[in-house]
Amino acid sequence: MSKSWTLDDMPPQKGRTILITGTGGLGFEDALALAQAGGDVIVAGRNSAKGAEAVLRIKERAPQASVTLEIVDLASLASIEALANKLKETHDHIDVLINNAGVMTPPTRQTTKDGFELQFGTNYLGHFALTGHLLPLLMRAQDPRVVTLSSIAIRSASAAINFDDLQAERGYRPMPVYTQSKLACLMFAIELQRRSEEAGWGITSIAAHPGVSRTDLLHNAPGRHSAQGLLRTFLWFLFQPVAQGALPTLFAATSPNARGGGYYGPDRLGETRGHPTEAQIPRQAMEKHVAQRLWGISEKLTGMSFNAQAPTLELAGAGATTIAREG
């Protein structure tokens, strides 16, 4: 990009309904910026107290902001479906979905309520299911976008989708499992763009990553006293401010220059900090046959099938298109 993109470059968001998963860190900064720009912002998280505090903080800084809280646990397919059903009753459309919330490197293997490994189940499968459930609302919007968060960690040469042990049941190593979940997120974003183009959904799917930012993710996951947590505490100067780390996501969500199937991250020091630019897409993420296999497995695991037909808006009920449920 010819100039550094900042919040001053964000188009007005008045009239746009934006759903962001995650109430702290990057999610909070996304919500604050989009609410200040006039958007109708929905922050979705599992902790009602933390979510209410985030909404209050946003309204303190932007008294005219339109921001509401919805409760969802991305580690529960039932909770995701319940949120989607509620939104279909209360909203005609959703303009932007930001798949942001995440879990990072718990030291021991944990599982979601549905029995998935926690990082893969929350970071990837939860957002896969949420996007599928919200597809009808997205297709009713004008210029709808889905922005899915990946991570600079996927640039590791060893990053891969381990189909032989997708849920890390035979061997759990926190960082490789986290990396797999974030590689899956990037592959999902690219594959969603392909399918949207093929099926005529009209949805623009984009991925982003925040570089290395001062969120509480490392403190909240492996713990403040873990090696990662101590790095975050004592080498804080290596981490850019979280508001800066949110810029690639906000660019992807709002800029007319953000392209479908694109991937955006910071522009300096190996994509660790700076302003939004085109990020390097690892070779693994471009393997179409792997993405298609992952998509098929994800549909079976979540019971969610994205109908590959063009939408019929005249259908009754919530249906901008049919989203089938497998038994």
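Buried means under 20% relative accessible area, exposed over 50%, and partly exposed in between, with a 1.4 Å probe and protein chains only. The model is predicted, so local features need pLDDT of at least 70 and side-chain atom pairs count only at pLDDT 80 or more, whereas totals for chains, interfaces and linings use all residues. Residues are numbered from 1 along each chain as its sequence is written, and side-chain values use heavy atoms, with hydrogens and water left out.

**The whole chain**

Of the 327 residues, 56% count as buried. The accessible surface, from the Shrake-Rupley method with a 1.4 Å probe and, for residues, only the protein chains shown counting as cover, comes to about 13,900 Å², of which 51% belongs to carbon and sulfur atoms. Where contact means heavy atoms within 4.5 Å, residues 24 or more positions apart account for 73% of the contacts with a separation of 6 or more.

Select residues 204-208, which form strand β6. Five of the five residues are buried, so β6 is largely enclosed by the rest of the structure. One side carries T204, I206 and A208, the other S205 and A207, and both faces are covered.

Next, display residues 263-268, strand β7, which pairs with β6 in the parallel sense over two bridges. Here the bridge partner of A207 is Y263.

**Along helix α5**

Select M175, which lies in helix α5. M175 counts as partly exposed, at 33% relative accessibility. Beyond its neighbours within four places in sequence, M175 is in contact with M104, T105 and A153. A C-alpha to C-alpha distance from M175 to P107 gives 9.2 Å, for residues 68 apart in sequence.

Q180 is also placed in helix α5. With a relative accessible area of 4%, Q180 is buried. Outside the four places on either side in sequence, Q180 has contacts with F120, A160, I161, N162 and L166.

Move on to E191, buried at 3% relative accessibility. The side chains of E191 and R194 meet in a salt bridge (2.4 Å, N to O), the term denoting a side-chain nitrogen of Lys or Arg within 4 Å of a carboxyl oxygen of Asp or Glu. E191 and R194 are three residues apart in helix α5 and so are separated by about one helical turn; R194, like E191, is buried. E191 also forms a salt bridge with R195, at 2.8 Å between the closest N and O atoms. R195 is partly exposed, with a relative accessible area of 22%. Salt bridges that share partners join E191, R194 and R195 into one network.

**A last stop at K3**

The count of salt bridges comes to eight. One of them joins K3 and D9, whose closest N and O atoms are 3.1 Å apart. K3 counts as exposed at 51% relative accessibility, while D9 is partly exposed at 31%.

Definitions and conventions:
Helix = DSSP H or I, 4+ residues; strand = E, 2+ residues; numbered from the N terminus. Pairing = 2+ DSSP bridges.
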